[in-house]
Amino acid sequence: MSDEENPVTHVSHEEWTKERLAVMVVGASGDLAKKKTYPSLLSLYAGSLLPKDLVIYGFARSNMTDEDLRARLRPFLIEKQEESVVERFLKRCFYQAGSGYGDVKGWKALDVKLQKTEKASKSTTWNRLFYFAIPPNVFAETGEAIKLNCMAPNGWSRMIVEKPFGRDLDSCKHILHQLGQHFDETNLFRIDHYLGKEMTQNLMVMRFGNIWMEQMWNRDHVQCVMLTFKEPFGTDGRGGYFDQYGIIRDIIQNHLLQVMCLLCMECPNKLDGEGAGEKIRDEKVRVIEAMEEVTIDNVFLGQYAGYADDPTITNKETNCPTFAMVRCFINNPRWAGVPIIFKAGKALNERKAEMRIQFKDAPAAEHLFGTTVPRNEMVIKLQPEETIYMKSNIKTPGFSSAPIQSELEVKYDTRYFSKKGATNPDAYSRLILDVLRGRSANFVRSDELIRSWEIFTPVLHQIEKENIEPHIYRMGSRGPKTADAWMKEKSGYVRNDAYLWQDGEISKKAS
C-alpha cells in the first residue's frame, strides 16, 4: 500500500485525519518504546489509520542519529509487517537527543525542526502527540519543558502517560499535581492497556446491547464476581523494581480494578459519540465510591519459593507478595453483598487473565433432578485467547437424564480472525487511536486514581509496617495450598471438579 492510498474506514470522516500529526515518543531508546509504542504506531500506519501528513520523533538521552534509531527499531518491527511497509514507516521516524528528559535546549531544538516542517506542510492545523514512555519521577521536568517549549502552535497537544501512577495515595497525588501544573484532563490520557483489550472494550456492547444480561446482572442472581490474572514466570531479573510495588499495586489496584468497574458499573446515558467518554468515566467512579477500604482480613498473600534469590532484590527477607487475593464489596442496590474477588499471581501454572461470574443455584434444581446441579458461570477470557463462554447445564448424552455442564462459546480467533492475515488489533494501537480521536472513555481520570488508592493504601501500608508474611508456594503451581479454601470461604464460590473445558480436541479441567 503506497503512502498516497489511504483507505481509512471508520475514522476517515474525522478532521484530524486530514491534519498534520507529529508524534513524539519520549524515552525512545527504552524497552517500552521499542516493544510497544513504535510497533503500535506501525500497526496504525500499516492500516492507514494515521494521517498522510505524519512525522514521528523519538526523544531520549542516548546519543544517536536518525539512522541509529531506525536500526534499533527495525528488529522489533520487521516481524510485525512486510519489510516494505516497515521501511516506509521508518522513513518517517527521526531522533532528537536531550541531556535529560527536561532538557530545555533539546526540546527547543525539536520545536524548531517541527515548526520548519509544519510551515512547509499543506495542512493548516498541526497536532502534536507526546507519548511518555518514561518513569514517573521525570514526568514533572518533562511536562514543564514541553509546556514551555514544544506545544503545538495551533491544533491540539495531547500527552499519553504510562503507569505506575504512584505507589500509594500521597505519591499518586504528587504525580497528579506535577502534571496538573501544566496540563488539564483534556490534554492528559493516562493509559492502562487492559482498557484497550478486545474483551474489556466488548463489555459495553455485551452488557447494554443484550436484554438477557441486564436481567441477571445483579445481587439476586450473581453469587460472586472473580477477576483473575496469572502468569507462568517470575520477576526474571526485574525483582528490584517489582519488590518496590508487589502484585497488588502492579496488577490488582489498576488493571483488574479498571476491568471490574466496567463489568459492574451502571449504564451511562450515552456509550458512543461526543461526551460519552466522560459519562462512562463518571459511572466508573461511582462504582469505586461505593467500595470501602480493603481490610487485612479480606487479603490473602503469597510469595513463590526462591523469589528473593533474584540478584536485583537487595532485601533477602522481603515480604513482597507475588500472589494475592483481595475481597471487596460494592455497596449499592445492584451489588450489595456480592463478593468481588481479585486474584493475581506470578510464577503460576499458566498465563491467563479473565472475568468469571458465578451465578446462584437454580431454584429447587437438586430436588427436581435428585442430584447436584452445577452453577452457571459466565467466563470472559482477556488473554491469551479472547473467548466468551457460558457454563450451562444440559442432559448427559445417551440414556442418562442427569445434568452435565457444558458451554456456549464464542472463540474470537476462530470466529472472527480465521482468515490468513486477519488479526485483532493490540491494546496499545487501539488506545493510541483513541487519543488521536479525542476519545477519553478508555483512559483513567484523576478522581478514579485517587479513589482507587484510597481503597488500597491503608492495607498496603499495614502489610509493610507489620511485615505480614505471605504464604510460600511452589513455582509452576496454582498458588499457595490454602488459597482455594480461603477463596471458597470468602466468596461462596463452588467449583465443579467434574467439568472439562473442551478446547478444540483437548479436554482440560477448568481452573
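The expected span of a helix is 1.5 Å times one less than its number of residues. In this predicted model, helix H4 (residues 104-119) has 16 residues and reaches 22 Å from its first C-alpha to its last, close to the 22 Å expected at 1.5 Å a residue.

**Helix H4**

The buried residues of H4 are Gly-106, Trp-107, Leu-110, Asp-111, Leu-114 and Glu-118. These residues lie on the same side of H4, because they cover an arc of only 135° around the axis. An α-helix has 3.6 residues a turn, so residues three or four places apart point the same way. Lys-105, Val-112, Lys-116 and Lys-119, on the other side of H4, are exposed.

The cover over the buried residues of H4 includes four strands, S1 (20-26), S2 (54-60), S3 (93-97) and S4 (126-132), together with helix H5 (139-149). At the start of H4, the backbone nitrogen of Lys-105 has a side-chain oxygen of Asp-103 within 3.3 Å.

| Residue | Loop between | Relative accessible area |
|---|---|---|
| Asn-187 | helix H6 (169-180) and strand S6 (188-191) | 16% |
| Thr-322 | strand S8 (299-304) and strand S9 (323-328) | 0% |

Asn-187 counts as buried because its relative accessible area is 16% and the cut-off for buried is under 20%. Not counting residues up to four places away in sequence, Asn-187 touches Ser-157, Arg-158 and Met-159.

Thr-322 is likewise buried, with a relative accessible area of 0%. Leaving out residues up to four places away in sequence, the residues that Thr-322 touches are Phe-242, Ile-247, Gly-302, Gln-303, Tyr-304, Tyr-307, Ala-344, Gly-345, Lys-346 and Tyr-473. With Tyr-473 there is also a polar contact, made between the side chains of Thr-322 and Tyr-473 at 2.9 Å.

**Cavities**

A search of the whole structure finds three cavities of 30 Å³ or more. The largest cavity has a volume of about 160 Å³. Its lining is made up of 18 residues, of which Lys-163, Phe-165, Gln-253, Asn-254 and Leu-449 are the closest to its centre.

Helix H11 (246-264) and helix H16 (446-465) each supply at least two residues of the lining of the largest cavity. The largest share of that lining, five residues, comes from H11.

Methods:
Residues numbered from 1 in each chain as written. Predicted model: local features only at pLDDT ≥ 70, side-chain atom pairs only at ≥ 80, totals over all residues. Heavy atoms only, no water. Buried < 20%, exposed > 50% of the residue type's maximum accessible area, 1.4 Å probe, protein only. Arc of directions from axis to C-beta. Contact = heavy atoms within 4.5 Å. Polar contact = N/O pair within 3.5 Å; in protein donor to acceptor, adjacent residues only side chain to side chain. 1 Å grid on protein atoms, 1.4 Å probe; cavity = no way out; pocket = protein on both sides within 12 Å on 5 of 7 lines; lining within 4 Å. Points joined across faces, edges and corners; volume = space filled by probe spheres on them.
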